[in-house]
Amino acid sequence: MTEFREKAVLMDADGIRRALMRIAHEIVEKNKGTENLVLVGIRTRGVPIAARIAAEIARIEQRDLPRGVLDITLYRDDLNELSYQPIVHPTEMPLDITGKTIVLVDDVLYTGRTIRAAMNALLDIGRPRMIQLAVLIDRGHRELPIRADYVGKNVPTAAHEDVSVLLRDVDAEEKVVIRERR
């Protein structure tokens, strides 16, 4: 197992809050409101990030957005390479997504493979009018032609580094750190 040491804190709790507030405003502005908009968080950390964005949009627009939860485990292209037995969690979609604008939400955009898997999972559920992507961190190193529509922070990284988003909802602390292999 590879061990990492913390190299730097990229964002603290206030930085995360401000980035998600900005993303919420950008989503509303780009979509000219919230009509037919659905936020879908990718398990694990995309789910609480989507909830926070939805809460901010509700504050701005005085309207709650439907939210979904997407588990992409069975859509991963490295599923047969995993040495452990993956645990599949339920996907929860509150409504038919056909014809809706979906904003996929994740914590870190890296190679693009997670997002490709998420889009495949969404297309098995319905046929959205449009899929947009919101991420807290874009660290580069894309292997697929995927880009985020909404980014909290762009962070150039080296291949031997790792970006970890820690959220109180999941990790009991709130920060984004860059770590490097020991």
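This is a predicted model: local features need pLDDT of at least 70, side-chain atom pairs count only at pLDDT 80 or more; totals for chains, interfaces and linings use all residues.
Student: Which residue in S8 stands opposite Val 163?

Tutor: Ile 178 does.

Student: In what order do the strands of the sheet lie?

Tutor: Read across the sheet, strand by strand. The order is S1-S8-S7, three strands in an open sheet with antiparallel pairing. The edges are S1 (4-11) and S7 (161-166), each pairing on one side only. On average, neighbouring strands are turned by 30° against each other, direction ignored.

Student: Which strands does helix H1 touch?

Tutor: Look for contacts, then for direction. Helix H1, residues 13-30, packs on this sheet and touches S1, S7 and S8. The direction of H1 makes about 55° with that of S1.

Student: What does the UniProt annotation say about residues 102-114?

Tutor: An annotation comes from a record, and may be inferred rather than shown by experiment. Here the unreviewed UniProt entry labels residues 102-114 "short sequence motif: PRPP-binding". In the model, this span is 62% strand and 15% helix. Its end C-alpha atoms lie 16 Å apart.

Student: Which residue lies over the face of Tyr 110?

Tutor: A charge can sit over a ring, within 6 Å of the ring centre. Arg 139 lies over the face of Tyr 110, at 3.9 Å from the ring centre.

Conventions. Residues are numbered from 1 along each chain as its sequence is written. Side-chain values use heavy atoms; hydrogens and water are left out. Helices (H or I, at least four residues) and strands (E, at least two) are DSSP runs, numbered from the N terminus. A charge sits over a ring if NZ of Lys or CZ of Arg is within 6 Å of the ring centre and within 35 degrees of the ring normal. Two strands pair if DSSP finds at least two bridges between them. Axes are lines fitted to C-alpha atoms, for helices over the stretch in contact, and angles run from 0 to 180 degrees between N-to-C directions. Contact means heavy atoms within 4.5 Å.
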